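Subject: Structure handover

Hello,

Here is the structure we talked about. Please open it alongside this note; what I found follows below.

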Amino acid sequence: MILRQVNPTDVQVIYEINSGIQAFPWTKKALEEEMQNSQFKGWVFCDKVNITGYLFARLGDDVSEIMTLGVSQHHQRTGAATKLLNQLISLGRDIILEVSDNNEGAVTLYKKMGFKIFNIRKSYYPDGSNALCMKLNIANPQ
Ligand SMILES: CC(C)(COP(=O)(O)OP(=O)(O)OC[C@H]1O[C@@H](n2cnc3c(N)ncnc32)[C@H](O)[C@@H]1OP(=O)(O)O)[C@@H](O)C(=O)NCCC(=O)NCCS
């Protein structure tokens with residue numbers, strides 16, 4: 001198992017994983033543009049051969065924002081997302097994210113990692129589900 005920074009050449013594989021697992025998948029162009037963002041930081045998790053998970057974030061001065069996180073179907077529940085999140089946590093900034101309240105697995109993961117809901121955006125997603133705005137306080141833990 002390897003956790004490493006994203007390379008521009010990883011985008012096709014990330015796109016394919018993302019398309020297979022996300023309720024609202026990113027286009028390849030959107031992923032490429034995100035990788036060009038000045039605050040972009042991303043990692044991939046790989047088994048012996050293939051990329052199996054990815055995390056894209058934007059690093060602000062005090063707060064990081066998770067833009068997208070995913071693990072391919074066959075590699076879920078093996079700790080990949082936890083390892084990717086721990087990599088971001090190790091940077092020592094607070095972390096925010098938005099997740100659909102329909103996404104039970106992700107919400108469970110984030111709560112387990114210590115994220116707390118601080119706002120709810122009603123009917124935010126195309127399917128009418130609410131966005132839970134969640135935050136992990138690292139700099140000033142409560
Ligand atoms: C949500 C997601 C990233 C979790 O990735 P993962 O690598 O399977 O997560 P982990 O193995 O690190 O799980 C850690 C813990 O989170 C919780 N968890 C993760 N997925 C879960 C699920 N589907 N249902 C319930 N709990 C879940 C569990 O407590 C799990 O611990 P356990 O396996 O010992 O019970 C993955 O399911 C995924 O890619 N989903 C589709 C995309 C997505 O929803 N991304 C996040 C929102 S952008």
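Strand 2 and strand 3 run antiparallel and are joined by seven bridges. Note that this is a predicted model. Gly42 has Phe56 in strand 3 as its bridge partner.

On its other pairing, strand 2 takes strand 1. Four bridges link strand 1 and strand 2, again in the antiparallel sense. Look for Leu3 here: Phe45 in strand 2 stands opposite.

Now move on from strand 3. Strand 3 (residues 51-59) pairs with strand 4 (residues 63-71). The sense is antiparallel, over seven bridges. Arg58 faces Glu65 in strand 4. A hairpin of three residues connects strand 3 to strand 4.

Next comes strand 5, residues 94-100. Strand 4 and strand 5 pair in the parallel sense, over three bridges. Val63 has Asp94 in strand 5 as its bridge partner. To get from strand 4 to strand 5, the chain passes through helix 3 (residues 80-89). This β-α-β crossover is right-handed.

Helix 3 also has a place against the sheet. The helix lies across strand 1, strand 2 (40-46), strand 3, strand 4 and strand 5. Against strand 3, helix 3 runs at about 25°.

One more pair to check. Strand 6 and strand 7 (residues 131-136) run antiparallel, with five bridges joining them. Asn119 stands opposite Cys133 in strand 7.

The whole sheet, then. Strands of a sheet pair through backbone hydrogen bonds, parallel or antiparallel. In what order do the seven strands lie in the open sheet? The order is 1-2-3-4-5-7-6, and the pairing is mixed. Strand 1 (2-5) and strand 6 (116-121) stand at the edges. Each has a single partner strand, so one side of each is left without a neighbour in the sheet. From one strand to the next, the twist averages 25°.

Last, the helix pair. Helix 1 covers residues 11-21 and helix 2 covers residues 28-36. They pack at an angle of about 125°, and their axes are 10 Å apart.

Which residues meet where helix 1 packs on helix 2? From helix 1 come Val11, Ile14 and Tyr15. From helix 2 come Lys28, Leu31, Glu32 and Met35. The residues of this contact divide into five nonpolar, no polar and two charged.

Best wishes

How values were computed:
Residues are numbered from 1 along each chain as its sequence is written. This is a predicted model: local features need pLDDT of at least 70, side-chain atom pairs count only at pLDDT 80 or more; totals for chains, interfaces and linings use all residues. Axes are lines fitted to C-alpha atoms, for helices over the stretch in contact, and angles run from 0 to 180 degrees between N-to-C directions. Helices (H or I, at least four residues) and strands (E, at least two) are DSSP runs, numbered from the N terminus. Two residues are in contact if their C-beta atoms, placed from the backbone, lie within 7 Å. Ala, Val, Leu, Ile, Met, Phe, Trp, Tyr, Cys and Pro count as nonpolar, Asp, Glu, Lys and Arg as charged, and the others, Gly among them, as polar. Two strands pair if DSSP finds at least two bridges between them. A crossover is right-handed if, with the strands pointing away from the viewer, the path from the first strand over the helix to the second runs clockwise.
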